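This report looks at the pairing of charged side chains and then at the chain as a whole.

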Amino acid sequence: YPWGWWVGYGIMTMIAVGGVGFTITALVEILGVHRYHSFVRPAVLMAFLCYASAITMLMVELGRPWMVWMVLVSWAPTSALYEVGWCAFLYLTVLALEFAQVPLEQAGWGRTLRIVRAIYIPIMILGVTLSHLHQSSLGTLMTLIPHKINVLWWSDNLPLLYLFSAMMAGPAMAILEHLAAARWLGFAPRMELLGGLARIECWLVGLFLAFQMGDLFYRGAADAMFIASWFAVSFWVEIGFGLLLPFVLLMMPEARGSRAGLTWACALIIGGILLHRLNVAVIGLRVRHWETYFPSIGEVAITLAITAAALFAFGWLARI
């Protein structure tokens with residue numbers, strides 16, 4: 001049975017949510033939409049915590065965490081997993097350098113801060129490039145087992161679907177971050193900026209929904225949506241609650257202008273991305289009738305503990 005909960009949730013989902021770093025950075029620094037500049041540092045911090053969590057879960061999943069460095073020296077340039085490992089390691093380093101400006105400012109290390117700011121632009125461009133590479137390569141990994149993944153989710157376009165879903169996670173996560181920080185720290189959220197991000201997110205959700213459904217019909221797999229099976233149920237939950245419902249909410253000016261509306265819409269999007277990754281990597285895998293898999297309490301507890309630690313770190317750093 002290939003992989004399981006630690007990879008399906010711990011790596012696939014956490015790296016997707018970590019897409020908030022490269023999407024917001026690209027929006028502000030590359031596309032020049034500078035009115036969202038205040039969202040960059042929280043986005044980079046959340047991305048750093050997500051990638052650190054994913055690598056921690058990978059070390060747990062390996063069974064021998066002290067050997068994780070072997071992926072960097074095991075030369076395999078034609079391996080998708082090798083590319084994912086190297087890109088994730090490099091991107092985590094890039095995120096650390098990007099966020100380093102904050103502690104350096106606090107510590108008053110002017111000379112080091114000037115060096116980091118001097119290399120910020122090439123480091124930022126490198127980070128956005130690396131994100132595109134390994135976000136899509138996660139989908140490439142899953143294309144290698146077409147005989148295992150249910151027809152509802154296996155596609156030659158999985159690399160693009162994974163990349164686009166990570167882009168879709170970006171604005172949604174940035175909005176949730178801002179609303180959570182406003183609640184924790186007691187400041188008024190900047191609803192006009194959140195409304196603008198929500199409009200961008202609405203376009204991304206609509207395009208992703210159209211691309212996913214179009215790919216399903218193009219492959220001739222649409223009939224599988226109407227077969228009475230748990231696969232079809234999981235698919236419709238993913239589409240209905242993870243894409244259609246938040247898309248409708250984000251199209252409504254009343255929802256975009258309220259904290260509750262934005263919270264529900266963005267939380268559903270993140271939940272839909274979580275379910276999509278689990279559908280591909282865990283739920284949608286077809287195995288022999290005598291092979292069964294259900295995550296153990298230990299697997300779920302470890303992933304929830306690492307996720308909780310990341311949320312605690314974000315809240316603590318946001319306060320100081």
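The side chains of Glu192 and Arg190 meet in a salt bridge, with N and O 3.9 Å apart; the term stands for a side-chain nitrogen of Lys or Arg within 4 Å of a carboxyl oxygen of Asp or Glu. Glu192 is exposed at 54% relative accessibility, while Arg190, at 36%, is partly exposed. Here buried means under 20% relative accessible area, exposed over 50%, and partly exposed in between, with a 1.4 Å probe and protein chains only.

The model is predicted: local features need pLDDT of at least 70, side-chain atom pairs count only at pLDDT 80 or more, and totals for chains, interfaces and linings use all residues. Residues are numbered from 1 along each chain as its sequence is written, and side-chain values use heavy atoms, with hydrogens and water left out.

By the rule above there are 4 salt bridges.

| Pair | Closest N to O | Relative accessibility |
|---|---|---|
| Glu105 and Arg117 | 2.6 Å | Glu105 31%; Arg117 45% |
| Asp215 and Arg219 | 2.9 Å | Asp215 5%; Arg219 26% |

Glu105 forms its salt bridge with Arg117 at 2.6 Å. Glu105 lies in helix α6 (residues 101-107) and Arg117 in helix α7 (residues 110-118), so the pair ties together parts that are 12 residues apart in sequence. Arg41 joins Glu105 and Arg117 in a network of salt bridges. In the pair of Asp215 and Arg219, Asp215 is buried, whereas Arg219 is partly exposed.

What is the chain built from? It has 14 helices and 0 strands, counted as DSSP runs numbered from the N terminus (helices H or I, at least four residues; strands E, at least two). The radius of gyration is 20 Å, close to the 20 Å that the globule rule gives for 320 residues, so the protein chain is as compact as a globular protein of that length. That radius is taken over C-alpha atoms, and the rule is 2.2 Å times the number of residues to the power 0.38. Along the principal axes, the C-alpha atoms fill a box of roughly 60 × 50 × 35 Å.

Buried residues make up 50% of the 320 residues in the protein chain. Among contacts (heavy atoms within 4.5 Å) between residues at least 6 apart in sequence, 78% join residues at least 24 apart.
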